[in-house]
Amino acid sequence: AAFGCMPLILPTNYRCASSILNLAKSLIEGSPLREHLPLLSAPRAAAGEVMVIQKVDRQAEIEAICREVLATQERSAGGREATHSIALLCRLRVDCLALRRALKEYGVACVQAEKGEDGGGGVGGDGGGSTAATVSLAWLRLVVEPKDDLSFLACVAAPSRAGFGGGEASPGIRYLRSLAASKSNGQRSVCLLVAAIHAARKGWPPAGPSRLSRPQQEALSSFLQDYEALRVAALAADAPPIDVLLEAHARRIGLEAMLEKERVTRASQRAAFTVASSTSHRAAGAHAGSDESSDDGESAASSTRRAVSLQLSRFLRTAEQVGSAASAPGRGGGAGRVVPALERLKKFIDDMNLALYDPMTAPGQGQGQAAPSGHAPPVVVTTIHQAKGMEWDLVFACHLEEGSLPLLPRLEPHSMEYVQHFEEERRLAYVACTRARRKLVVTFCEGPSTTKDKPPSKRSRFLPRQLPGLR
């Protein structure tokens, strides 16, 4: 309130069936730090189903998960069950790998939905930084909403420009913030894009103590030219298909070269870390190998170019499919309807986000729609962190036991850090359960130790004593 902000409480959950939400609420009701605010299921929400798989050891638990996934796929493919998307969520990446290997042995194909690694839908990047999807969609969002300062920050730094590559801390952005503040008043707030346009038109006036150097002026002028070219082309009455527009814009801003440079930089940082954290002999060998060639003899530079080219082509192919689906008869208000350019861009961005970051949704296919007739629903195996913001019909919240979720920290018991750690783990358990729309399967081990050096398995402290659907 001191900064003019008013918190909004949104207690109603429109995603989960009521029984799923009831279990999720029980996970966080024991929190000593949480304010007890009501969490409500949506009006007329389906009852849904909660199932619990409890086994004595990890191997038996994994086998039970695989059998249930396989049975669900068979029922769905035969039309006996309306499950169109399945996800297995784990706290640790190593547990995801174990589940993928086990599912492969059962003949179940897995899809990886990790947004940071693969853009959420197989068209993203390689574990961080910019991707063809994030950069291209940021430029489109800035055309649709010029006041979106976050999109402006992403676009002005893609490709990197002198004085604008460090986000809010960069001198160019500090200059624009000062200029925007000087032009704002109580009734009107000036965005970064308007401040940049004003600066270019007025000959780069000083903004308080901030000034732009000549290279920074040229960099900002280049950005504004790129933006105007995209805006004019995208909003024209005879605008080309959006995938064609994005391909031309990618060439104009040198997107492929920018992504290659980012990959090389990240690879160098990883190599430097390896050298710093390994013995000198092994590190030197690893560093030399990473600089010279990959395992199959391909040079690192060639491998990087090929990976970036493939990433960009996948993104453009997805954009083409989404654009074609949106313009097909029967969609977007019916055949023959003339869709305004701005509305077309907004719908394209929404559809692309759905296609890229909900891997269970094919281009042109809404969330929750049936998989093709006679096909088993695909299976996503990913971490809980990567699943945030996503949802599936059936979710397996895997390995909810002590040492897995929650992880057991080496902290002073009852210290504030100790309490906060478990609260974060509690929130992750809540996130895992509330990714499920129709059915939730909670799995864990509970039983005596099978070896002398391993403590007995015990269900997560977050789970209630009485669990529905226990098997």
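Analyst: Glu247 is partly exposed, with a relative accessible area of 38%; that class lies between buried, under 20%, and exposed, over 50% (1.4 Å probe, protein chains only). This is a predicted model, where local features need pLDDT of at least 70 and side-chain atom pairs pLDDT 80 or more, while totals for chains, interfaces and linings use all residues. Residues are numbered from 1 along each chain as its sequence is written, and side-chain values use heavy atoms, without hydrogens or water.

User: Which side chain does Glu247 meet in a salt bridge?

Analyst: Arg251, at 3.8 Å, N to O. A salt bridge here is a side-chain nitrogen of Lys or Arg within 4 Å of a carboxyl oxygen of Asp or Glu. Arg251 is exposed, at 59%.

User: How far apart are Arg251 and Glu247 in helix α10?

Analyst: Four residues, so about one helical turn separates them. Helices are DSSP runs of H or I, at least four residues, and strands are runs of E, at least two, numbered from the N terminus.

User: What about Lys439 and Glu68, how long is that salt bridge?

Analyst: 3.4 Å, N to O. Lys439 sits in strand β8 and Glu68 in helix α2, 371 residues apart. Lys439 is buried, at 10% relative accessible area, and Glu68 is buried, also at 10%.

User: Which residues are in the network with them?

Analyst: Glu49, Arg75 and Glu81 are linked with Glu68 and Lys439 by salt bridges.

User: Switching topic: how many residues of β6 are buried?

Analyst: Five of the five, residues 379-383, so the strand is largely enclosed by the rest of the structure.
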